[in-house]
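I opened this entry to keep track of what I looked up, one topic at a time. The model comes first, the notes follow.

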Amino acid sequence: MTELNKTILNGRIYKIAQPEPDELLLTIKGSGTQYRLLISAGASLPLLYLTQTNKQSPMAAPNFCMLLSKHLQNAQI
């Protein structure tokens, strides 16, 4: 948790993607750097971690992803 506080605290959510049905990929911009936070809600292995890779998103964003984007895009962490 300390790593997340040091890197993304006070950052702004720039983009929200849903590459898998149980995953969210938040692109966060803060202090001149861009971070990707992967949130996985998989039943067998729930995870939350920073990643360098960018997963391919579906052509049409799922409704949940669009709802999150509407309410959270440009929000400050």
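I searched the whole structure for aromatic pairs and found 0. For that search, rings of Phe, Tyr and Trp (its six-membered ring) pair if their centres lie within 6.5 Å; planes under 30 degrees apart count as stacked, over 60 as edge-to-face and the rest as tilted. I then looked at Tyr-14 and found Lys-29 over its face, at 3.9 Å from the ring centre. A charge sits over a ring if NZ of Lys or CZ of Arg is within 6 Å of the ring centre and within 35 degrees of the ring normal.

A note on the source: this is a predicted model, where local features need pLDDT of at least 70, side-chain atom pairs count only at pLDDT 80 or more, and totals for chains, interfaces and linings use all residues. Residues are numbered from 1 along each chain as its sequence is written, and side-chain values use heavy atoms, with hydrogens and water left out.

**Sheet**

I traced an open sheet of 4 strands in the order β1-β2-β3-β4, with antiparallel pairing. Two strands pair if DSSP finds at least two bridges between them. Strands (E, at least two residues) and helices (H or I, at least four) are DSSP runs, numbered from the N terminus. From one strand to the next, I noted an average twist of 25°.

I went through the pairs in turn. β1 and β2 (residues 23-30) run antiparallel and are joined by 5 bridges. Arg-12 has Lys-29 in β2 as its bridge partner. For β2 and β3 (residues 33-40), I noted 8 bridges in the antiparallel sense. Glu-23 is bridged to Ser-40 in β3. These two strands form a hairpin with 2 residues between them, and Ser-31 in the turn has a positive phi of about 45°. β3 and β4 pair antiparallel over 5 bridges. Here Arg-36 has Thr-51 in β4 as its bridge partner. The hairpin of β3 and β4 has 6 residues between the strands.

**Helix α2**

Which residues of α2 are buried? I found Cys-65, Leu-68 and Ser-69. Buried means under 20% relative accessible area, exposed over 50%, and partly exposed in between (1.4 Å probe, protein chains only). Asn-63, Lys-70 and His-71 are exposed on the other side of α2. The buried residues of α2 pack against β1 and β2, with contact meaning heavy atoms within 4.5 Å.

**Single residues**

I looked up Ile-28 in strand β2. Ile-28 is buried, with a relative accessible area of 0%. Beyond four places in sequence, its contacts include Ile-8, Tyr-14, Leu-37 and Ile-77.

Last, I checked phi. Asn-10, in the loop between α1 (2-8) and β1, has a positive phi near 75°. Asn-10 is exposed, at 53% relative accessible area. Asn-74 lies in the segment after α2, and has a positive phi of about 75° although it is not a glycine.

Note on methods: Axes are lines fitted to C-alpha atoms, for helices over the stretch in contact, and angles run from 0 to 180 degrees between N-to-C directions.
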